[in-house]
Amino acid sequence: MATASLVVGGTQRKAKVRLGPLVERVLGYVILGLILIWFVANIFADPDRFLGSLLVGLQNGLLYALVALGYTMVYGIVELINFAHGDLFMLTTIIAAGLMVGLLGVGQLSAISILALLLALVVCMAAGGFINMSAEFLAYRRLRSAPKLAPLMTAVGISFIFRGIAQQDYINGSAQKNWPISWGGPQVEGVYIYKLVMVLAVTVPLLLLMTWIVARTKMGKAMRAVAQDQDGARLMGINVNGTISFVFGLGGALAGAAGVLYFLCQTQTYYDTGTQLGLIAFTAAVLGGIGNLTGAVVGGLAIGVVQALNEGAVYGLGSNWSQSVVFIILIILMVFKPEGIFGRPTTEKV
Amino acid sequence: MAATTHALHPDQGRRNLGRLAWPIGYVVVILFLFFLYQTILPSLVKPVSAPVLAWLPVATINECLMWAIMALGLNVVVGYAGLLDLGYVAFWALGGYTAGWLMAYPFNWTWDFHLFSPVRANAPGTHINFWLVCIVAGILCAILGLIIGAPTLRLRGDYLALVTLGFGEVITQFFRNSGNIAGHNVAGGDPGISSIDPIGTGPLGALGIAPKLLTNSAAGNIWKILVLGLLVGICIFISLRIREGRLGRAWLAIREDELAASMMGVPLVRVKLLAYAVGAFFGGIGGVANASGITTAVSPSGFDFGKSVLVLLMVVLGGMGNVWGVTIGAFLLSWLNSNGLKQIGVQIDAFTGGNLEATLPRYNYVILGLLLVLMMLFRREGLIPEGRTKALMQMPSRTEAESLGADSVEAEAETDALEHSDAAADARIAGSAAAMAGSGAGTSHGSSGARRKEES
C-alpha cells in the first residue's frame, strides 16, 4: 500500500504555478511608489519644513555613512556583523566630550575651537582604531575559522563590555549627560548652518580619503584581495592578518571621527547611543548592499533623510517612532531585496 | 501491546526507568527546594540557615525558574532550529502585557470581567485566572512569532539576527509609545501597567494549606516555587518530547544544513515557522510568569535589548540544544545577575574590607560580556553541550584548505590533531607492517597485525 501511494503521488503531482516572484515584484514596486508619494506629499504640504528636514537628514546621514562604512568594510572582509561597532562609536563620543569640554574647555564653537576639533578628531580616530584593532586581535582573530555564530556572539559580548564600561559613573554614568556647548551662527529652518558645514568639511574629505585608500593604494589592493579570497591572497604574499587588522583600524577610525561630530551636533553622551545609532548605521550598510563602500554612503544618506522627514516633515510619525520606521525599512528591504541597492545577489554554494 | 513486543529486550526495564528518571528527579528537586524553605530552614539554627538564605533567597529561586522558562523557549529557536534570534524580548514583553491587560485594572479599562480569578469579586478591571492567561499569552505570542518569522524565512545567520533584533526594538518602542496610539491608550505608555494580580492557589488556598494569593511575601514566594517549578517542568517536558519527534529531528536537520535538509524533503517554511511559534509560546508563558509572579507590574523600560542578549547568553552558556544545559545556564546567570554578584562582593569585602558589594553588581554588563567572549574563545559548545552541537562547534566551518589559508598556525594544529586522533589506525598500520616484516611477533602490535592478516 505504501508503495502504491508513492507511485500515485509521483505521477499525479502537478507542476506548481509560481506566483511568488511576481507578487513580490509588484508589492516591491507598490511600496517604492508609496515612499515616493510620501516624499512628494511632504514637499507640497510645507516646502520649508521639508527643506529643514532634508538638511537635518543630510547632516545625520553623513554621520550614519561614516559608521556604516565601518560595518560594511568589516563585513566585506571577514563576513562578520560587528555588533560592537556602534558601541565603539559611543565610546568615542564620550572620549570626545571629555577631551573637548572637560580638558580643553570648549564651550562655544569659534575659530580657535577648530584646533580643538582637529585635536579631538585625531585622538578619537586613533582611539577608535586602536580599540577596534585590539578587539580583533584579542577575540575575532582566534575565531576566524569557527562557525559563524561564534564571532557574532563574541561581538555581542564585546558590545556589552563597551556598554558596561560607559555605564560606570566615572566614565559617563547610566543617565544621559548633557554638555554645555552652544552653537551660534545663521540658521535655516532651525538647522545650524555651521553644524552642517562642519560635518561636511570633515566627512567629505574622509570619504574621499577612504575611496583613495581602497582604490589606489597597495593596502587597498590587499584589502580587496583578502575580501575576495583569503587563501589566494596569502599565496600571493599578502599579510592577511595585517590587512584584516588594518581594516578594523580604519573602520574604528571612521567611527571615531563620527563620534566627535555626533557629540558636537547633539552635545550629549549616553551609553545606549551605540545600540541605537549602530543599528541605524547597519541598516544603512544593508540598504546600500553590505560590503559595498558607495552603497554604505548612499544608504546612510537615504536613512538619514527618511528618518529626518519622519521626524520633521508634515506627514511623519514623529521622533517617538523613528527607530521603528528605520527597522521597518530594514525588514521590508530584507523581504524584497536582501542584497541591497548596489549589492549583488549571492547564491549559496554546496 | 508495546509491552509484549518489547518483552524480549533485556534492557526494557532500564529504558522505562530512564524515561521516568528525569521527571522523578525534577519533582524531587523542586519539592526539596520547597520544603527546604518551608520547613527545614526555619527549624534550623540561625548560623546554618542564614548563609543559605543570603546566598539563595527564595525570590532569587523564583527569578531563576522564570528565566529558565525563557531560556528553554529560546533554546527551541536557537538551539534546536539554529535560527539566531536577538529579539526574543518581544515575546517576553507581549506575554507580560497580556497579563497586564487580562489580570489588572489598567489605565482606562471599563470592562469588568472575572473568570476563575482569586481576587475578590467586586474588584474593578479584568481579572482572569493565571493559568488561562498563560495559555492566552502563549497563543498570542505564537501568532506574533509567526508574524516575525514569516519575513525572515529566507534569511540566514547574521541577517536573521539583525531582523529579529529590529522586530524586538519595534515592539518595545510600540509599548513605549502605547500611551497614545492614534489617540488611544493601549498599554499605559512609559509607566506601563502596575498591580497585576498575583497567582492564585485555588483549592489549596480554599482548604487553608496555602495562602490564597501568592504575593511577594515570604510565604507567597515559597509557594511560587511550586507553581513556577511546574511551569518549568512542563516546558522541559515539551522540549524533550518535541526533540525526539519528527518536528525536532527536522529542526536539527535544518540547523545543521538547511540546504541538505530541504533536499531531503524537510518543509523549510513550516518547520521554521513552527520553531518560532513554539519558542514564542514559551516566551509568552515566561512573560506572564514574570509579570504576575515576580514583578507584578510591566513597563517598557524592562524590555530592552540587554534582556534578549541575557537569555541568549543563558542558552549559549548552558549548551545550545541541550535542555538540561540551558536550564542550568539560566539558573547560573539569573542567580549571578540578581543576587550572586552582590554576595560574591560581600564575601570578598569580608576579607578585604572594601566596598565590592555595591560595585560588583554595577559591572554586571562588563562581567556578562567578558563571560560571553571567554565562552566563545575557550568553550564554544557550552557548559553541558549536546553531543551533536559539540561536534559541530569544534569542527571548522571551512574546508581544510581554506582554514589552512585562514591561519596557518591553527591549521597546522588542526592537521596535527587529525593525525593524532587516528592513533589507533596508526598503531594498526604499524603493527601490520611489523608482522609483514616477520619480527616482533611477541609484541601486542605484532600479534594484532598477524591476526588481521589472517582475517584478510
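Select α5(A) and colour its buried residues (20 or more other C-beta atoms within 10 Å of their own, with C-beta atoms placed from the backbone): Leu117(A), Ala120(A), Cys124(A), Met125(A), Ala127(A), Gly128(A), Gly129(A), Ile131(A), Asn132(A), Met133(A), Ala135(A) and Glu136(A). This is a predicted model, in which local features need pLDDT of at least 70 and side-chain atom pairs count only at pLDDT 80 or more, while totals for chains, interfaces and linings use all residues. Residues are numbered from 1 along each chain as its sequence is written, and chains are lettered from A in the order in which they are written.

Next, show the cover of those buried residues, which includes α4 (85-103), α6 (149-167) and α10 (240-266) of chain A. Helices here are DSSP runs of H or I with at least four residues, and strands are runs of E with at least two, numbered from the N terminus.

Stay on α5(A), residues 113-138, and check the distance between its end C-alpha atoms: 37 Å, which agrees with the 38 Å that its 26 residues should span at 1.5 Å a residue, because the expected span is 1.5 Å times one less than the number of residues.

Zoom out to chain A, which has 13 helices and four strands. Its C-alpha atoms fill a box of roughly 85 × 60 × 40 Å along the principal axes. Of its 350 residues, 48% count as buried.

Now select chain B, where 42 residues are in contact (C-beta atoms, placed from the backbone, within 7 Å) with 42 residues of chain A. On the side of chain B that touches chain A, α7(B) gives the largest share, 10 residues.

Methods: Contact = placed C-beta atoms within 7 Å. Buried ≥ 20, exposed ≤ 12 C-beta atoms within 10 Å, placed from the backbone.
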